[in-house]
Amino acid sequence: MGPDPDYRCGVSTETYADWLRARDDDELRALFACRPELITPVPSDITALSSRASAPSALSRALDRLDRLALSVFEALLVLPSPTTYEDLAAAVGADVRGALGRLRSLALVWGDDDELRVAPGARGAVPHPAGLGPPAKEAFASYPSDRMTALLDDLGLGSVQAICERIGPLVADAGPEARAALDRLAWGPPIGKVEGARRPVTLASANSPIERLLARGLLAATDDRTVTLPREVGLFLRGGRVFRDLETAPPPLGGTVRERKLVDSTAGGQAFTTVRTIEDLLERWGVDPPGVLRSGGLGIRDLRATATHLDLPEWTTALLVEVAYAAGLLARSGDYDGSGMGSRGGDAVWLPTPAYDLWRLHDTERRWVTVAGAWLRMDRVPGLAGERDERDRLINALSDEAIRASAPQVRRATLEALADAPAGTAPATEGVYANLAWHQPRRGGVLRERLVGWTLREAEALGVTGFRALAQHTRVLLAGGDAEAALRAVLPTPVDHVMIQADLTAVAPGPLVADLARELALAADVESTGGATVYRFTPESVRRALDAGRGASELIELLTRHSTTALPQPLSYLIEDVARRHGRLRVGIASAYVRSDDPAVLEEIMADRRAEQLRLHRLAPTVLASRVPRSELLDGLRVLGYAPVAESPEGSVVITRLDSQRADTAGHGAYEPAHQSVFGSGPDGSVITAAVRALRAGDEAARVAAPNGSPPRSPAAAMVQRLREATDRGGRVWIGYLDQQGQASSRIIEPARIEGGFLTAYDATRAAVHRFALHRITGVADVDGAG
Amino acid sequence: MTDGPLIVQSDKTLLLEVDHDAAAECRKAIAPFAELERAPEHVHTYRITPLALWNARAAGHDAEQVIDALISFARYPVPHALLVDIADTMGRYGRLRLEKHPTYGLVLSSSDRAVLEEVLRAKKLQAMFGPRVDDDSVAVHPSERGTLKQALLKLGWPAEDLAGYVDGEAHPISLVEDGWGLRGYQREAADSFWHGGSGVVVLPCGAGKTIVGAAAMAHASATTLILVTNTVSAHQWKQELLRRTSLTEEEIGEYTGTKKQIRPVTIATYQVMTTRRKGVYTHLELFDARDWGLVLYDEVHLLPAPIFRMTADLQTRRRLGLTATLVREDGREGDVFSLIGPKRYDAPWKEMEAQGWIAPADCVEVRVTLTESERLAYATAEQEDRYRFCATTPTKSSVVQALVDRHRGEQTLVIGQYIDQLDELGERLDAPVIKGETKIKERERLFDAFRSGEISVLIVSKVANFSIDLPEAAVAVQVSGTFGSRQEEAQRLGRVLRPKSSGKGARFYSVVARDTLDQDYAAHRQRFLAEQGYAYRIVDADAVLADEEI
C-alpha cells in the first residue's frame with residue numbers, strides 16, 4: 001500500500017509539514033513519546049518527518065494506539081468532506097469529541113484548526129472502510145469501463161453517478177424488499193459482499209435476483225468478478241445519515257466483584273513472599289543440579305516437570321517462575337551453547353543461576369519481589385506458551401525463543417492498567433477485561449491478545465501482583481513508578497526472631513525469620529515445610545552439617561536456647577551432644593592419587609626429594625603417601641624422579657570431589673536480552689526525545705535557512721559534520737541517530753574522538769566500546785547536555 | 001493481619017499453635033477436613049489431603065465452610081491457589097453417585113455429564129458398567145460396587161454411595177449398662193457411624209473401641225461379623241460383648257484356627273480369613289454364611305490386602321472400621337476410604353488424656369552403654385545380626401532388673417522381640433514368659449493371673465502387640481522392638497494407657513543401647529509418639545542402676 005494521493009482536495013504534504021513545523025518543542029516531544037518510530041532514526045528535517053509520519057506503516061502503528069472513541073472520530077473525519085469543522089465532526093459522531101481530537105492532534109493524525117480539520121496525508125489508505133462504509137460512488141464505479149457505465153446510466157435514464165446518489169431512496173424502493181434486505185446486511189459494514197459473476201451485464205429488464213436488481217440500479221458496484229461493494233452514499237442512506245450505530249464513548253466497566261482492599265493486599269503480599277522464596281528454592285536447586293540447555297535454547301519438558309514436582313507446583317507456574325527468573329537476569333545459559341549440539345541437547349550448556357542472583361538474594365523480600373515483578377511486566381517472553389505446540393506442531397519449550405511474543409509486555413501492562421483504573425479491590429471477570437481492552441485498543445484484538453490477557457491474570461495471581469484477582473496496592477504503586485518496595489513492606493509479615501522447639505525434634509518459626517537466625521537454623525536443621533511459617537527438623541545429618549561448618553555443640557545449644565520461646569527439649573540436646581561426640585572421629589581429606597610401598601624408606605626418600613614438591617605429596621602413614629595431583633601425573637612425576645611405579649586398579653584409588661554449587665560463567669551471551677526498543681514498550685526516555693527534537697530543529701534550520709554572507713547553503717549532512725567536529729574539539733558527548741549496515745536504526749550517545757575519511761571514531765557510551773561510524777549513515781546529531 | 005492461631009503452609013499443612021487462646025476453637029473448625037499428622041507439645045500439624053477433604057464432604061461440610069475456617073483462623077494470608085484447590089477437590093466428591101434403580105438395580109449417575117463421559121471412557125472401568133440408562137446415568141454390575149468405588153477414587157472422582165444397605169438378618173442386641181455407662185464420645189462415635197451408614201471410627205488405644213463396636217451392634221440389632229487381628233483378641237471381644245451387651249455365650253461364635261462356629265455374632269481372625277489352600281481362600285463362605293447386617297473391622301490400619309478384596313464384594317452390608325490411626329504403613333488409606341467408608345469420628349489422644357479417659361504416660365528412654373568388648377563385637381558383626389546384637393546386649397538385663405525392682409508392687413510388663421533375651425530375663429526376674437509357642441489356654445491363664453494381681457511381672461514377646469486388654473499394667477519396659485516400627489511403639493504404649501483404678505500415671509521405659517542401630521531405630525519409633533505429644537525423657541542407665549530419682 002503506497003501513500004495514497006488525496007483525491008478530495010489539494011492538501012499537500014507541504015502544508016502538513018508546515019503544521020508540524022509550527023508545533024512547539026513540547027508538542028513535538030509529546031508526539032515522539034507516543035510515536036517513537038518517528039525518531040528511529042531521527043529524520044533530517046521536518047519535511048522528512050512529515051513524509052515519514054504519513055507513511056502507511058507509521059500511520060497504521062499510530063492508529064493501533066487509538067482507543068475506540070478516538071478511532072471513531074478519526075474514521076468520521078475520513079467519511080466527512082475535508083476540511084471539516086469541529087461542529088460537523090461532533091454532530092457526525094454524536095458525542096463530545098474534544099478529548100479524542102486532542103489525542104489525534106498530539107499524534108499528528110489530525111491537523112489544522114477547529115474550523116479546518118484534516119487527517120494526515122495518506123490516512124485514507126490506512127483505513128480501507130472507515131466506519132464500515134464503502135468508497136464514495138464515484139470511486140466505486142471508477143473500475144467500470146466507460147461503455148458499461150454509459151449502458152448502466154442509460155438503462156436508468158440518468159446522466160451521471162451523482163444523479164444515482166441523488167435518487168437513492170426511490171431506487172431502493174424500486175428494487176423491492178428482498179433487495180432491501182440484502183442491502184441492510186451490508187449497511188453497517190463490511191460494505192463488500194461476495195457474489196458469483198458480479199461483472200455480468202445486467203439491465204433493469206434482465207435482472208432476476210435481488211443482487212442483480214441492485215447492480216442494475218447502481219446501488220451496488222461490482223468491484224471484480226466475485227465482489228460487490230456498497231457505495232458510501234448508499235450506506236449512509238441506509239444508516240439514516242448516521243455514521244455510527246452505537247458508539248461506546250467510554251470504556252466498558254470491568255464488572256466482577258469488589259473485594260476488601262486489606263484482604264487483597266495481604267493475600268497478594270503473602271503470594272509475593274512465596275514467589276520470592278520459591279524462586280530462591282528453584283535456583284538453589286539448579287545451582288547444584290542444573291538442567292541442560294536444549295538445542296532450541298530452551299528447557300526440556302522433562303526438566304520442567306521434574307522441577308514442578310520438586311516445587312510441588314503446576315507446570316505452568318513453574319514455567320512462569322523459570323521465565324521470570326531468566327528475564328530478571330537471575331538465570332542464564334552457561335557453557336558451550338551454540339544451538340548446534342548433537343541430539344536434543346545443545347552441547348554441554350546448562351541453565352545456571354547468575355552472579356546477579358547472589359546479589360539479589362542478599363536483598364530484602366520486597367526489593368527482590370520488585371525486581372522479579374518488574375522483569376515480568378517488561379519481558380516479551382510468554383510463559384503460558386510453554387508446553388503448547390506451534391503452528392508446525394512442534395513443542396514450545398520454556399526459555400526457548402519460540403516463547404517470545406512481541407506484544408506481550410504491552411498487553412500485560414494494558415491488562416494491569418485496566419485493573420488499576422477500576423475501583424480498588426475490583427476482581428474482574430476475564431471477559432470484562434477482554435471487553436475493556438477491546439475498547440482501549442480496538443485494532444489490536446485477536447486470539448493471541450485474549451490468551452495473553454488470560455495468562456496475565458493467571459500469572460499476576462501466582463506472582464502476588466494481584467490478590468483474589470484484584471490489583472494489590474503495591475502493584476498499583478509499581479505501575480505508577482512509585483516506591484513499590486515500601487508499599488509491599490507494609491503488607492509483608494514482620495520477621496520474627498524466635499522459634500518454638502518441640503520434642504519431636506522440630507522447630508517452628510511462626511513467621512519469616514530475621515536473616516541471621518534463618519541462616520543458622522538452615523545450617524543446623526532441614527527445612528521441612530515452608531509457607532507463612534517454616535518448619536525445621538533436626539536430624540543427625542543436619543546437626544553434623546552445623547558442626548562441619550564450625551559450630552560447637554554448646555554454641556548450638558546456646559543459640560537455640562536463646563531463640564526458643566519454649567524450653568529446649570531434652571531429646572534435642574541429647575541429639576546434638578551425641579552427634580558432637582561422634583563428630584570428627586573419622587577424618588577425611590582430599591586426595592587424587594596415592595603412593596603405596598611396603599618399604600617405608602623409599603617413601604622417606606621421595607618425601608625428602610625437593611623435586612617431588614610439585615607432586616603435592618602428604619604422608620598419611622609410614623607406608624602411604626597421598627597426592628593431590630591426578631594419578632597419571634603422579635606416575636609420570638615419579639618416573640621422572642627415577643622410580644618405576646606401577647598403577648593400581650581403580651578400586652583402590654580415592655577420588656573425592658566436592659559437589660559444589662555452580663554459577664553461570666558468562667555474563668551476556670546466555671543471559672536474557674530484552675527486545676530492542678519495542679515500539680509497544682514504554683518508549684524512549686525523555687533525554688533521547690529531547691535530543692531528537694533538538695536535532696530535528698537544527699536539521700530543519702539548516703535545510704531551510706541560507707547561510708549569511710552568500711556562502712552556499714549548508715546541507716544537513718554538512719551541518720551534522722560540523723556539529724560532530726565541534727563536539728570532538730570540545731570533548732563533549734553528543735547524541736546520534738545511526739543506521740547500521742543492516743539498515744537497523746539505533747540511537748546512541750557517543751564521545752567523538754576524530755573524523756577522517758568519511759568515518760567518525762567515537763566512544764559509544766551506549767555500548768561501552770569504541771566504534772567507527774560511517775558519516776553518511778548518521779541521521780541526526782544533538783547535544784546530550786547543554787543547549788542544542 | 002489477624003493474630004490467628006493457624007499458619008497455612010504451602011505444602012498444604014496447617015500449623016496450629018496450641019497455647020493460643022483460640023486454639024481449641026480453631027481445632028474444632030479444622031478437624032473435619034484436615035488430618036492430624038503430628039501433635040507435639042507446642043505446634044500441631046494438620047494436613048489437608050484430598051481424602052481428608054472428601055471425608056469432610058461426606059460428613060456434610062462444604063468448601064465454603066472449609067475456606068471460611070482457614071481464612072478466619074489463619075495468621076497470614078492464605079494462598080489463593082490453595083483455596084481454589086480446596087474448592088476444586090471438594091467439588092469432585094459427589095459429582096458421581098451410586099444409586100438404586102428400580103429396573104437396573106444399581107446405577108452410577110452424575111449431575112455433570114462431562115465427568116460421567118470421562119469415567120465411561122476410562123479403560124479400566126469399561127467392564128464394570130452395564131447398559132447406559134440415560135444421558136446422566138449408567139447401570140453398574142452390582143458385584144462391582146466396591147471395585148468401581150476404588151477405581152473412581154483413583155481417577156479422582158470419588159463416588160458418593162447412596163445405594164443403601166440390606167438390613168440383614170435381624171437379631172436383638174442391646175447394651176447392658178450395669179455399673180458402667182457409655183461415655184459421651186463413644187456414643188457420639190457410634191451415632192455418627194450409624195448416620196453415615198458405613199465408615200471408620202478413629203479412637204486411641206484404651207479409649208474403648210470395643211464398646212463403640214458394641215454400641216454400633218446395638219444400633220443395627222442384626223447379625224454381625226467381627227473381623228479381628230488374632231485369636232487372643234477374638235477372645236477378648238467375646239468377653240467384652242458378654243459383659244457389655246445382652247448377648248449370651250450361645251449367640252457368639254468363634255471362627256479361628258481351632259474353632260469354626262458360625263452364630264448370630266461371629267468373631268473371625270484376619271489370619272483364618274486369609275488362609276489359602278492351593279491358591280484358594282478356603283473360608284470365603286463365611287461372608288455368605290449368614291445374611292450379616294453389620295461387618296465390623298478391628299484395627300483397620302492392619303487390614304490385609306485379601307480382606308480388602310473380599311470387602312469389595314460386601315458393599316451392600318454396613319461396615320464399621322475401628323482403628324487408632326488412619327495412617328497405614330502401606331499407604332492404602334484410599335482403599336479404606338472407598339471400601340469401608342469415610343472417617344466418621346475422630347479424637348486426638350492428648351485430648352482424650354486431658355479428659356481423663358486414658359491414663360497419662362511418662363515415657364523414658366534409658367541409655368545403656370556397651371562395654372568395650374561388646375562394642376568391638378558389635379562393630380564387626382554381620383550387617384543382618386547387628387540389630388539383634390545391640391538390642392539383646394547383656395548389659396540391658398541388669399538395667400531391666402533395676403527398673404522392675406524400682407516399680408515393685410506395680411503391674412509391670414516387659415516387652416521384647418527376641419525370645420532368647422526374653423527367656424533369659426524370665427529366669428533373672430523369675431517371671432513367666434508369653435511367646436509365640438505359648439498355648440492360647442496358658443496365655444489366657446497368665447493374663448488372668450496378671451489381671452488379678454496374682455503375678456505382677458509378665459514378660460511378653462510381640463504376640464502381645466495387639467488387642468490384649470491388660471487393665472492394670474502400670475509399667476512397661478521395652479527391651480527390643482521390630483526394628484523401627486512406629487506402629488508397634490504406639491501399640492505398646494497403648495498397653496499402659498488404659499485408666500488405672502489408682503488414677504496414677506503410667507510409665508513406659510525403652511531400654512536402648514547407646515551409639516548403635518538400637519538407638520537409631522528407637523529414635524524412629526519414638527518419633528510417632530513424640531508427634532502424638534508423648535515426649536521422651538532420656539536418662540542414663542547409670543542413674544537407674546544407682547537408684548537415682550529419674
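Predicted model: local features only at pLDDT ≥ 70, side-chain atom pairs only at ≥ 80, totals over all residues.
Residues are numbered from 1 along each chain as its sequence is written, with chains lettered from A and ligands numbered from 1 in the order in which they are written.

**Exercise 1.** Determine how helix H16 of chain A packs on helix H20 of chain A.

*Solution.* 
1. Locate the helices: H16(A) spans residues 261-288 and H20(A) spans 365-378. Helices are DSSP runs (H or I, at least four residues), numbered from the N terminus.
2. Take the geometry. The angle is about 80°, and the axes lie 9 Å apart. Axes are lines fitted to C-alpha atoms over the stretch in contact, and angles run from 0 to 180 degrees between N-to-C directions.
3. Classify. H16(A) is therefore roughly perpendicular to H20(A) (65 to 115 degrees).
4. List the contact (C-beta atoms, placed from the backbone, within 7 Å). H16(A) supplies residues including Phe273(A) and Ile279(A); H20(A) supplies, among them, Arg368(A) and Trp369(A).

**Exercise 2.** Work out the layout of the sheet that holds E17, E19 and E18 of chain A.

*Solution.* 
1. Read the order: E17-E19-E18, an open sheet with antiparallel pairing. Strands are DSSP runs (E, at least two residues), and two strands pair if DSSP finds at least two bridges between them.
2. Find the edges. E17 (593-596) and E18 (617-621) of chain A each have a single partner strand, so one side of each lacks a neighbour in the sheet.
3. Check one pair. E18(A) and E19(A) (residues 624-627) share 4 bridges. Arg619(A) has Leu625(A) in E19(A) as its bridge partner.

Definitions and conventions. Parallel < 35°, antiparallel > 145°, perpendicular 65-115°, else oblique. Contact = placed C-beta atoms within 7 Å.
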